[in-house]
Amino acid sequence: MEWEAVIGLEIHVQLRTRSKIFSGASTAYGAPPNTQACAIDLGLPGVLPVLNREAVRMAVMFGLAVEAEIARRSVFARKNYFYPDLPKGYQISQYELPIVARGRLAIELADGTTKTVGITRAHLEEDAGKSLHEDFHGMTGIDLNRAGVPLLEIVSEPDLRSPEEAVAYMKKLHQLVVWLGICDGNMQEGSFRCDANVSVRAKGSQAFGTRTEIKNVNSFRFVERAIRHEIERQIEVLESGGEVVQETRLYDAARDETRSMRTKEEANDYRYFPDPDLLPLVLDEAFIEETRAALPELPDARRARFVAQYGLKPYDAGVLTADRATADYYEALVEAVPDNPKLAANWVMVELAGALNRAGIGIADAPVGPEALAGLLRRIEDGTISGKIAKEVFEAMWAGEGDADAVIEARGLRQITDHGELEALCRRVLEDNPEQVARYRAGKTKLMGFFVGQVMKATGGKANPRQVNEILQRLLG
């Protein structure tokens, strides 16, 4: 039998607010345990939650970006369950009336096609605390710093059919929330994490199989591996005559397998009911339109514009719009060297990206800003230096030796363009390599690269390569 996977993702996005969703406690990461949880986060008697307006604005931003419906009236509910890191015994979330519903997100697949994934809902909720095990032998420690941190849980339709599609969707969503500035996207710190609902069914069947949920996976690679393992496990169970049990499973990266955590709860197990301490959230049109007006140009639109406006290939435009900071850098660079957007793109994607990777820093911290890089590209355009020498100049600029002109003068890197000097060099190279000259004239024209390389070597890369090519072709007949 041929099987088909059915996958839906629930992604928890930590919103980038300074304070928690219902209290004034800080959301900063890395503080000593239990130093950023107030009486409201702990649910002590007599306290009342107050909704964070900024969290609402960020949820609306997301909804507008995925063309979803923004609820003019939504309701917070209590989701009741008992974990050691949830001292109130319930989590404030949204259930029947979420703030965002029925959106969509287009993803690109490996074969170049585009697929639209439905977004069922996105609702606001508070995070729970964190159980600590590593430093407590035989015991569990509780850190409540995360309790009350604002989350936007984004639930997809079960539209995904493979681990690769799931990862493509997750990456696209990650790009979008970081682009919007509503999440820092740091997966290692838990700011962006995923639960994957996975089932399999006979190919062609419309009925869903029994699903399992893989909890709290926080890397793209692990999501792909966890889903792939779970699909294979469920097929093996079914083909051996067994039944898939609806349950929550944990992905063990060390063993590359999922294993059972607990029986999966249904919604009625949580006994949702409206939170009596919070009024329904009512949004007016002015707030929604104000938020819409503040939306930045979105990644897909900006990529399309880069293709149309700068004549870039779709792949290059995709690389340059992978994140907003890179797109902003590129546009600032192109504004300074408007006649050569392709040259600017190559330098951002190759030399600058390579330097950033080696330094382990983001583009916002690059020591060579767009205006400084533009100065270097102008010297390539006007023939002062060759592309090869430009790389040396760039490295010097990166190391803090000054702008392009200062480095070129200090190191004597101006390109040799004197025709007589270059012709003398070319003649000497041909005289020193008579065997290669004979082979070239016998038809081995690829040796032109060898001759050019010899001239460039003799000049330390400073010869004008276009002039060298012209002279050599003339001398070689």
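Colleague: Is Cys183 buried or exposed?
Modeller: Cys183 is buried, at 0% relative accessible area. Buried means under 20% relative accessible area, exposed over 50%, partly exposed in between, with a 1.4 Å probe and protein chains only. Cys426 is buried too, at 0%.

Colleague: What should I know about the model itself?
Modeller: It is predicted: local features need pLDDT of at least 70, side-chain atom pairs count only at pLDDT 80 or more, and totals for chains, interfaces and linings use all residues. Numbering runs from 1 along each chain as its sequence is written, and side-chain values use heavy atoms, without hydrogens and water.

Colleague: New topic. What is the strand order in the open sheet of three strands?
Modeller: S5-S4-S15, with antiparallel pairing. S5 (90-94) and S15 (273-274) are the edge strands, each pairing on one side only. Strands are DSSP runs of E, at least two residues, and helices are H or I runs of at least four, numbered from the N terminus. Pairing takes at least two DSSP bridges.

Colleague: How many bridges link S4 and S5?
Modeller: Five, with S4 covering residues 76-80. Asn80 stands opposite Tyr90 in S5.

Colleague: Which residues does UniProt list for the Asn/Gln amidotransferase domain?
Modeller: The unreviewed entry lists 328-476. UniProt positions follow the numbering used here, feature names are shortened, and annotations may be inferred rather than shown by experiment. That stretch is 70% helix and 0% strand. Its end C-alpha atoms are 48 Å apart.
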